[in-house]
Amino acid sequence: MSRWGSRWGGRSLCAALLLAGALQAQELTGLRLLDQLEAKASEKVNVTLDGNLLQLAARFLSASDPEQAQVRKVVSKLKAIYVRAFEFDKEGAFSAADVDSLRRELKTPEWSRIVDASSKRDGESSEIYLHQQNGQVTGLAILAYGKKELTVVNIVGPISIEDLAALGGEFGIPKIERNRKK
């Protein structure tokens with residue numbers, strides 16, 4: 001899959017996440033297109049963890065390991081995690097119209113794009129969206145795609161910046177590396 005570390009390690013993600021504050025995710029619906037794209041994919045990751053499954057998965061994390069304990073604490077507050085990631089053998093397996101269709105769901109007045117990172121050289125793009133209702137952030141969605149890959153992540157439930165970073169690399173969620181100045 002894509003080089004998440006280099007793409008997400010930039011200052012724009014850090015700044016956006018610092019502005020986001022505590023997040024409570026809003027579940028995405030209507031992404032039936034992903035089922036169609038899955039049939040074309042040579043590799044896939046499909047994670048669907050509702051509250052009960054999340055709690056079950058959390059039991060496998062060690063309370064004595066500090067990193068796993070932090071993930072366990074984060075997971076205890078969440079309602080669901082959805083990850084759909086596809087890698088295709090050749091370019092053109094999905095189109096710009098397919099990506100626009102996914103993006104359209106995130107272009108309602110309640111959703112705001114807070115990160116839009118792209119590389120013309122690599123043909124990769126990443127977007128992070130927040131869902132807001134009554135002045136409160138209630139959703140988080142990540143859309144990342146390249147020439148031969150596509151990933152959609154949706155986390156449902158209260159989550160802070162630190163929590164999001166802690167979940168990276170767990171449950172199919174890409175690892176998010178944050179650059180820190182010394």
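A salt bridge here is a side-chain nitrogen of Lys or Arg within 4 Å of a carboxyl oxygen of Asp or Glu. What you have open is a predicted model, where local features need pLDDT of at least 70, side-chain atom pairs count only at pLDDT 80 or more, and totals for chains, interfaces and linings use all residues. Residues are numbered from 1 along each chain as its sequence is written, and side-chain values use heavy atoms, with hydrogens and water left out.

Searching the whole structure turns up 8 salt bridges. For this tour, select Asp100, Arg103, Arg113, Asp116 and Glu127, which are linked in a salt-bridge network.

Start with Asp116: its partner is Arg113, and their closest N and O atoms sit 3.5 Å apart. Arg113 is partly exposed, at 41% relative accessibility (buried means under 20% relative accessible area, exposed over 50%, partly exposed in between; 1.4 Å probe, protein chains only).

Next, pick Asp100 and Arg103, whose side chains form a salt bridge at 2.5 Å, N to O. They are 3 residues apart in helix 6 (residues 96-105), so about one helical turn separates them. (Helices are DSSP runs of H or I, at least four residues; strands are runs of E, at least two; both are numbered from the N terminus.) Asp100 is partly exposed at 35%, while Arg103 is buried at 10%.

Glu127 is buried, with a relative accessible area of 1%.
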